[in-house]
Amino acid sequence: MKSLRAKQAVFANYVAQLISKATELGTPVVVLEWYRTEERQKYLVSIGRSKTMNSKHILGLAVDLCFLADLQDDGAMNWTADKYRHLGLFWENLDPNNKWGGSWSPFVDAPHFEYGG
């Protein structure tokens with residue numbers, strides 16, 4: 001069984017590949033959030049931005065991305081699953097245990113990528 005530190009190292013490598021792939025495809029991204037404290041997670045649950053206190057963000061094993069173009073125009077985030085699908089499919093193919101929030105139901109979280117290994 002891998003230690004948390006070992007999982008975080010693998011996850012960081014996968015995130016680097018994901019960011020590189022986004023740039024290669026002409027859709028550069030920035031990291032909005034990676035690690036979260038329990039206090040931050042409680043806050044996000046309280047305002048409805050998250051549905052769980054069991055977030056992989058608390059372990060440093062999840063990342064939320066944002067397309068750079070969304071920050072450059074009107075600043076409105078477009079978090080539809082269709083927009084992130086090419087990255088979600090790439091992410092899930094990196095490791096069969098990886099999870100992309102765009103394939104969840106009924107609560108879809110398209111910019112969310114988490115390590116499942």
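Trainee: Among contacts in the protein between residues at least 6 apart in sequence, what percentage join residues at least 24 apart?

Mentor: A contact here means heavy atoms within 4.5 Å. In this protein, 54% of those contacts link residues at least 24 apart in sequence. Keep in mind that this is a predicted model, where local features need pLDDT of at least 70, side-chain atom pairs count only at pLDDT 80 or more, and totals for chains, interfaces and linings use all residues. Residues are numbered from 1 along each chain as its sequence is written, and side-chain values use heavy atoms, with hydrogens and water left out.

Trainee: How many helices and strands does the protein have?

Mentor: Helices (H or I, at least four residues) and strands (E, at least two) are DSSP runs, numbered from the N terminus. You'll find four helices and four strands, in the order α-β-α-β-α-α-β-β along the sequence.

Trainee: Why does the radius of gyration agree with a compact globule?

Mentor: That radius is taken over C-alpha atoms, and the globule rule is 2.2 Å times the number of residues to the power 0.38. For 117 residues the rule gives a value near 13 Å, and the protein has 14 Å, so the two agree. The C-alpha trace spans about 40 × 30 × 25 Å along its principal axes.

Trainee: Is aspartate 70 buried or exposed?

Mentor: Buried means under 20% relative accessible area, exposed over 50%, and partly exposed in between (1.4 Å probe, protein chains only). Aspartate 70 counts as buried because its relative accessibility is 4%. Aspartate 70 sits in helix H3, residues 68-72. Across the protein, 34% of the 117 residues count as buried.

Trainee: Which peptide bond is cis?

Mentor: Most peptide bonds are trans. Here, the one from serine 105 to proline 106 is cis, with omega near 0°. Look for proline 106 in the loop between strand S3 (99-100) and S4.

Trainee: What lines the largest pocket?

Mentor: Rolling a probe the size of a water molecule over the atoms shows where empty space is left. On a 1 Å grid over the protein atoms alone, with a 1.4 Å probe, a pocket is an open set of points with protein on both sides within 12 Å along at least five of seven lines, and lining residues have an atom within 4 Å of a point. In this case 25 residues form the lining, and Arg36, Arg49, Asp64, Phe107 and Asp109 lie nearest the centre of the pocket. Strand S1 (29-33), helix H2 (38-46) and strand S4 (112-114) each supply at least two lining residues, with H2 giving the most, three.
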